[in-house]
Amino acid sequence: MIKLNDNGMFLINGIPTDKSDVPVSEARKNTMAYGILQAHNKSADPEKLQISFDAMLSHDITYVGIIQQARASGMKEFPIPYALTNCHNSLCAVGGTINEDDHVFGLSAAKKYGGIYVPANQSVIHSYAREEMAKCGAMILGSDSHTRYGALGTMAVGEGGPELAKQLLKNTWDVNMPKVVMVYLTGAPRKGIGPHDVALALIKATFANGFVNNKVLEFVGPGIANLPIDFRNGIDVMTTETTCLSSIWETDEITKGFFEAHKRPEAYKELHPGEVAYYDSMITIDLSKVESMIALPFHPSNAYTIHEFLENAEEILASVEEEAKSRFKKASPDLKNKIRDGGVWADQGVIAGCAGGLFDNIDEAAAILKDKSTGNSYFSLSVYPTSVPVNLELTKIGASADLLAAGAVIKPSFCGPCFGAGDVPANNCLSLRHTTRNFPNREGSKPGEGQFAGVCLMDARSIAATAANGGKITAATDIDYDYTPHEYHFDKKVYDNRLYYGFGKADPSVELILGPNITNWPKMYELSENLLMELAAVIHDPVTTTDELIPSGETSSYRSNPLRLAEFTLSRRVPEYVFRAKAINAVENERRAGNNPEALVNVLSKVGNADELMANTQFGSCIFANKPGDGSAREQAASCQKVLGGYGNICYEFATKRYRSNCINWGILPFTIDKETEFNYEAGDYVFVPNVRKGIEEGREQFDAQIIRADGSVSPITLYVKGLTEDEKTIILDGCLINYYAAQNK
């Protein structure tokens with residue numbers, strides 16, 4: 001089904017081979033990715049990219065902070081099309097006016113600075129980007145990790161908010177020229193196979209081994225022609241879960257048809273690799289051999305064929321329970337009770353968002369459920385079309401009626417089910433979702449309070465087949481059904497009647513409307529000569545997600561209030577963290593007030609003259625995690641640590657570039673250690689990094705630090721800060737990106 005080749009490969013006239021007369025250095029330039037990246041590169045160095053994007057998007061848990069950062073740094077208007085969508089805080093989980101205050105702020109900002117405003121429930125962020133902003137050969141930056149429009153010929157990148165603030169200030173996104181991986185598609189998917197089946201198989205093959213980490217996936221091959229555009233988009237959006245940097249696909253008449261249907265034929269152009277193109281590695285996918293897939297908790301890569309899962313359900317569910325028990329001490333998971341009556345029974349089905357709520361997915365799901373019933377027991381099915389235009393067309397063709405008649409519920413366009421703010425399952429429920437992620441408590445449960453729910457990712461077709469069997473998990477390839485795809489008709493009047501199109505029409509006279517929950521960032525300080533950090537959390541999980549660093553769900557309502565949001569930091573993974581970080585910050589505030597806190601005197605005396613070190617040693621908290629930052633692009637995973645006085649992350653490696661960038665942009669030092677180093681230290685131990693400021697200034701990448709244990713013993717440790725750009729060095733020295741821009745504007 002999927003084969004990985006870690007050797008360099010050429011693509012010659014569409015045929016993969018390991019040999020060519022064309023030098024590798026020249027053939028590298030013939031990938032689609034290389035051409036698009038260099039066309040947007042503002043530097044003179046093709047290996048050190050400084051990218052200016054064509055357009056940007058943010059949703060309502062990120063755009064307030066981004067705009068606040070940019071306007072504090074001197075922004076007068078949006079220099080490129082910037083869409084503000086309202087698809088995350090559409091459901092106010094905490095009550096009050098908080099969410100709507102953010103939405104009103106967004107509209108006032110769009111009017112003041114010249115932006116595009118997409119009201120709540122009109123479209124999820126990535127649907128709007130596909131419909132209205134993607135162009136062949138363009139680049140788009142989004143503050144959501146699933147910013148992927150490669151199937152439409154657009155290289156798109158998801159990053160933390162500060163990177164978008166840089167673009168608003170006409171600065172660049174800086175990255176080394178990434179490696180490019182050929183994804184060669186052959187064959188055609190069988191009936192019942194959907195994009196999530198292909199995507200989950202791809203993620204399973206590439207996530208754990210880091211095969212495509214921070215690389216670009218370039219989709220080529222004869223199999224592309226056998227995929228409708230929604231199928232391509234459905235695979236493409238899930239490439240984020242491989243931890244790749246971006247994606248790009250060959251375009252064809254099917255791509256052209258998408259742009260014509262959306263009344264933007266000028267956005268299309270043919271994209272293909274050159275006659276001889278070189279790739280750093282290769283993935284081959286035979287679409288004809290893809291089977292119906294299911295991803296078990298707690299990651300999309302924990303995937304099996306549905307048949308394999310059903311044959312081994314007791315063993316697989318037992319392993320999920322054991323992992324849940326090891327992660328969540330208060331939870332009492334019991335998923336094996338779903339095995340009964342000759343099958344495995346789910347409690348819930350959800351088809352939603354940028355991956356699941358696509359027209360073709362829902363249309364085919366409706367065909368599977370036509371004249372059937374989801375049953376009248378515990379199982380429920382919710383369907384969220386990805387945009388109002390999609391919802392309208394589903395209504396016109398009768399698909400919505402068939403779903404409603406079968407017992408499904410049609411809900412507004414909303415990203416909530418993907419991050420725990422919509423269709424939260426009951427305790428110990430098994431939920432099947434065609435959404436993007438199934439991370440721990442991503443579905444909205446709170447295991448720290450004894451709650452537990454298991455989310456499995458499945459394609460809409462198999463979810464519909466399962467619903468037709470009353471919740472008995474069923475592969476769509478195992479049922480008979482009639483389906484004739486409907487041609488999609490996009491009605492732009494829906495948007496013209498409701499959206500605000502303000503690009504190029506900035507009005508400085510408009511006043512921003514600031515609700516009481518929208519607050520400014522607290523003061524942050526430049527880096528001192530020495531750094532002393534107390535470990536406030538030590539996490540040895542293989543991967544720590546951004547959802548664990550700062551939970552999603554109800555916390556989304558506080559994204560515009562840095563201090564209130566910070567109260568949730570690591571709350572579902574290390575509940576003690578906030579208390580510890582606050583206590584550490586209180587000691588630092590005492591030091592800044594001119595006192596000599598006894599706790600600091602005692603620790604600093606272990607590594608030198610405490611009186612001399614006190615004046616030029618910054619004290620703050622630190623997190624250790626094996627591999628932090630998989631998942632969401634949202635900057636708050638880092639900014640909340642900084643708000644609480646965090647100055648460093650220590651890890652073996654960062655899961656994603658975007659989380660490492662978030663740390664840097666908030667002045668958190670991105671320390672790594674050798675993989676052979678055993679980090680057997682605990683919360684309450686200290687890390688002292690002497691001469692850290694001078695080292696960063698000089699571009700030093702290795703730092704000889706010391707660990708001071710709580711018992712007073714001292715031992716050496718080598719820390720690394722590798723590959724900082726000149727701007728990143730200055731940002732860290734200044735204390736954060738906000739300080740960096742403030743210094744420039746003096």
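Modeller: The side chains of Asp347 and Lys338 form a salt bridge, with N and O 2.8 Å apart; the term stands for a side-chain nitrogen of Lys or Arg within 4 Å of a carboxyl oxygen of Asp or Glu. Asp347 and Lys338 are both buried (under 20% relative accessible area, with exposed over 50% and partly exposed in between; 1.4 Å probe, protein chains only). The model is predicted: local features need pLDDT of at least 70, side-chain atom pairs count only at pLDDT 80 or more, and totals for chains, interfaces and linings use all residues. Side-chain values use heavy atoms, without hydrogens and water, and residues are numbered from 1 along each chain as its sequence is written.

Glu364 and Arg461 are also buried, and their closest N and O atoms are 2.9 Å apart in a salt bridge. Glu364 lies in helix 13 and Arg461 in helix 17 (residues 460-468), so this pair ties together parts 97 residues apart in sequence. Helices here are DSSP runs (H or I, at least four residues), numbered from the N terminus.

Asp18 and Lys19 form a salt bridge at 3.7 Å between the closest N and O atoms. Asp18 is partly exposed at 48% relative accessibility, and Lys19 is exposed at 60%. Glu132, Lys492 and Asp496 are linked in a salt-bridge network. The count of salt bridges comes to 29.

Note on methods: Helices (H or I, at least four residues) and strands (E, at least two) are DSSP runs, numbered from the N terminus.
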